[in-house]
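Dear colleague,

I am passing on a structure for you to look at, and below it I have set out what was found in it. Please keep it open beside this email while you read.

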Amino acid sequence: MKKLIALILLMTIVLSTVFSAEVSLAYEPYQKEEFPQWALELRRAETIFFGSFALTLPLAIGAYNIAINMGATAPEKFSTAFMYQLAGAAGGALTITLVDWILGRMGND
């Protein structure tokens, strides 16, 4: 049975290359109207969110630690504290993303 499954998998891999489309290795830039505007805005928002998340995470962790040192109540579990820090970083990144989107909308008018 194992030999049959291995043979089927091997045939699938080999035959998939036989019937595949010809691949062009030359770079083709996107056409101006290839994607709808909402997809371009979503891609920009995604890039800004995850790019700014790398900056907001250390800031959120630092702000959380300052708050704990100044007397805020700390959760008992480490995982809960880390989730608070992640939520703060995600909120900061989302704020940056929304501000960029609003400024982009204001600039288009």
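The residues that line the largest pocket divide into three nonpolar, four polar and four charged, where Ala, Val, Leu, Ile, Met, Phe, Trp, Tyr, Cys and Pro count as nonpolar, Asp, Glu, Lys and Arg as charged, and the others, Gly among them, as polar. This is a predicted model, in which local features need pLDDT of at least 70 and side-chain atom pairs count only at pLDDT 80 or more, while totals for chains, interfaces and linings use all residues. Residues are numbered from 1 along each chain as its sequence is written, and side-chain values use heavy atoms, with hydrogens and water left out.

A pocket here is an open set of points on a 1 Å grid over the protein atoms alone, where a 1.4 Å probe fits, with protein on both sides within 12 Å along at least five of seven lines, and its lining residues have an atom within 4 Å of a point. Among the lining residues of the largest pocket are Gln-37, Glu-41, Arg-44, Trp-101 and Asn-108. The elements that give two or more residues to this lining are α2 (37–69) and α3 (78–108), and α3 gives the most, with six residues.

The protein chain has three helices and zero strands, these being DSSP runs (helices H or I, at least four residues; strands E, at least two) numbered from the N terminus. Buried residues, meaning those under 20% relative accessible area with a 1.4 Å probe and protein chains only, make up 10% of the 109 residues in the protein chain. The C-alpha atoms fill a box of roughly 65 × 55 × 20 Å, taken along the principal axes.

Best wishes

Technical notes: Buried means under 20% relative accessible area, exposed over 50%, partly exposed in between (1.4 Å probe, protein chains only).
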